[in-house]
Amino acid sequence: MNNKLQVEKLNEIINPSRHSRGSVNEVLPFAANDSKALIKGDFKPIVGEFARQVAGEKLSDEEDPLKIKETPETGTYSIVKEMTEEVEGASAEKYDLERLLKKLLFHDQDSDVKVLHPYIFKYYPLTSKKKRSLEKKVAKFLKDVLVNNSIEEVSNSFVKQGNEDLLVSMILNHLDELNSANNAKSYQNLLPNLSELFVDDFLFISKYEDFFLENFQVLLQHYYFVYVSQVTFAFSKFENSSLSKVEPLFYTLDWESLNKRRKAFDGVYNYRNLREKSRSTFIHVHVQSQLSHNWLNEGMNFMSYAELYKLISEEVSAEEKDLFMEDINEWLNIYGDKMGVEVPRKVSSLNEAFSTLFTMLSKGMSEEVSKNYGKLIEDAAYGKFLKARGSLGQTLNITQDFLLLLTALAVKDKGRIPLKQLFEEFEKRGIALDQHSRKETMALLDNLNIIEKKSDSGDAQYVKSIL
């Protein structure tokens, strides 16, 4: 044993009943048993927890933070009742105020609160106790990997400004104060370029309050899906992956007709292929976590295949590399004996070591657990970004509202951009469109008078800002 790979430590933390990752940083917010209570597109609780997380706050009342319920026998009154009772006046006047406040605060049902102000996002409650753990983990994950070092800028978007109109100010001031929260262990960010783009997009739409209130939830859910899907595809490529570049997935437009030859069904980067690769993500996480137990990694960061491959190939001596390979072969033998898995012949290269360890873990770990972990990755697209297409199955989907959000983010405050750049900006955000979908996009934007043509032939076309 050469102590280049921490074989003794791996032997200590891994056994037939449990594959521990040790103290290596977390990179995804999932545990296999979370699949028993999937999010299923209900992203509002995560939005609320995210807004609280970036502010370092937590709810004082997790059951009814917006004070909707009313139990007079215990002296508990709804926020509307509290406000009307404080106002002096006749019963009829109080009744009229109560109706006005309900119309302002709620949609058709009294339990469906309108977001009148970004501050109200912080009061979105978590759901049932079954889902609560996953909701908290996903929100913490998104705060850690997307917001990164821009906590103050992002959190400022959810505060009371002091210039709200009288009724909105009255409502905000009747919400209970939030408590301070201590942050738990952080998730390691593997996609810093995507995080930078999220912060840029978030801060841009936050300047337009109505647009922000309408689109923030979709924006956050989109980046959640893009992040976990990018990590899934990257891991599947072993040392050939690149975590610095987004590989966009093919989407189709909500209103277009499809056939099985479209890239959203017949290609590499689509939802069907994501589902297949997601079943191995749990194994990839554990393989890379084991390999991260090496002599170059004092901070116990999660080291990807590509990072470790580059480091060992280019920055260590030939002798150290040979010693590392000896340790890997020793660990393969120990793992095989422990798990009752056949040990292949001695590996002599890093890429062979990666694929061999992956194959052995695939046999040594529960297939059901791996599939359940994959369901959590699939679940990230559920609802907003998935559409059933009959016998073709499900495809990643773009509604008109989402397309307009993407267009606003692509153009921002530049005034206009070339049409070609619009699709390049979509791809930066993880969305690819084939030629059919591009034509449909151009037709819609043209009908909405967002396309600007510089000649009658239409050779030079630009997309105008919509904000």
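The axes of helix α16 (residues 400-411) and helix α18 (residues 435-447) come within 12 Å and cross at roughly 85 degrees. Here helices (H or I, at least four residues) and strands (E, at least two) are DSSP runs numbered from the N terminus, and axes are lines fitted to C-alpha atoms, for helices over the stretch in contact, with angles running from 0 to 180 degrees between N-to-C directions. α16 and α18 are therefore roughly perpendicular to each other, where angles under 35 degrees count as roughly parallel, 65 to 115 as roughly perpendicular, over 145 as roughly antiparallel and the rest as oblique.

The model is predicted: local features need pLDDT of at least 70, side-chain atom pairs count only at pLDDT 80 or more, and totals for chains, interfaces and linings use all residues. Residues are numbered from 1 along each chain as its sequence is written, and side-chain values use heavy atoms, with hydrogens and water left out.

In the contact (heavy atoms within 4.5 Å), Gln-400, Leu-403, Leu-404 and Thr-407 of α16 meet Thr-441, Leu-444 and Leu-445 of α18. These residues divide into 4 nonpolar, 3 polar and no charged; Ala, Val, Leu, Ile, Met, Phe, Trp, Tyr, Cys and Pro count as nonpolar, Asp, Glu, Lys and Arg as charged, and the others, Gly among them, as polar.

An open sheet is formed by 3 strands in the order β9-β12-β11, with antiparallel pairing; two strands pair if DSSP finds at least two bridges between them. β9 (416-418) and β11 (451-453) stand at the edges, each with a single partner strand, so one side of each is left without a neighbour in the sheet. Neighbouring strands are turned by 35 degrees against each other on average, direction ignored. The two pairings are set out below.

| Strand pair | Bridges | A facing pair |
|---|---|---|
| β9 and β12 | 3 bridges | Ile-417 and Val-463 |
| β11 and β12 (residues 461-464) | 3 bridges | Glu-452 and Tyr-462 |

Helix α17 (residues 419-428) lies across β9, β11 and β12 and runs at about 90 degrees to β9.

The largest pocket has a volume of about 480 Å³. Its lining comprises 25 residues, of which His-19, Ser-20, Arg-21, Phe-282 and His-286 lie nearest the centre. On a 1 Å grid over the protein atoms alone, a pocket is an open set of points where a 1.4 Å probe fits, with protein on both sides within 12 Å along at least five of seven lines, and lining residues have an atom within 4 Å of a point. Grid points are joined across faces, edges and corners, and a volume is the space filled by probe spheres set on the points. The elements giving two or more residues to this lining are β2 (18-19), α11 (281-291) and α15 (367-379); α11 gives the most, with 3 residues. The lining divides into 13 nonpolar, 7 polar and 5 charged residues.
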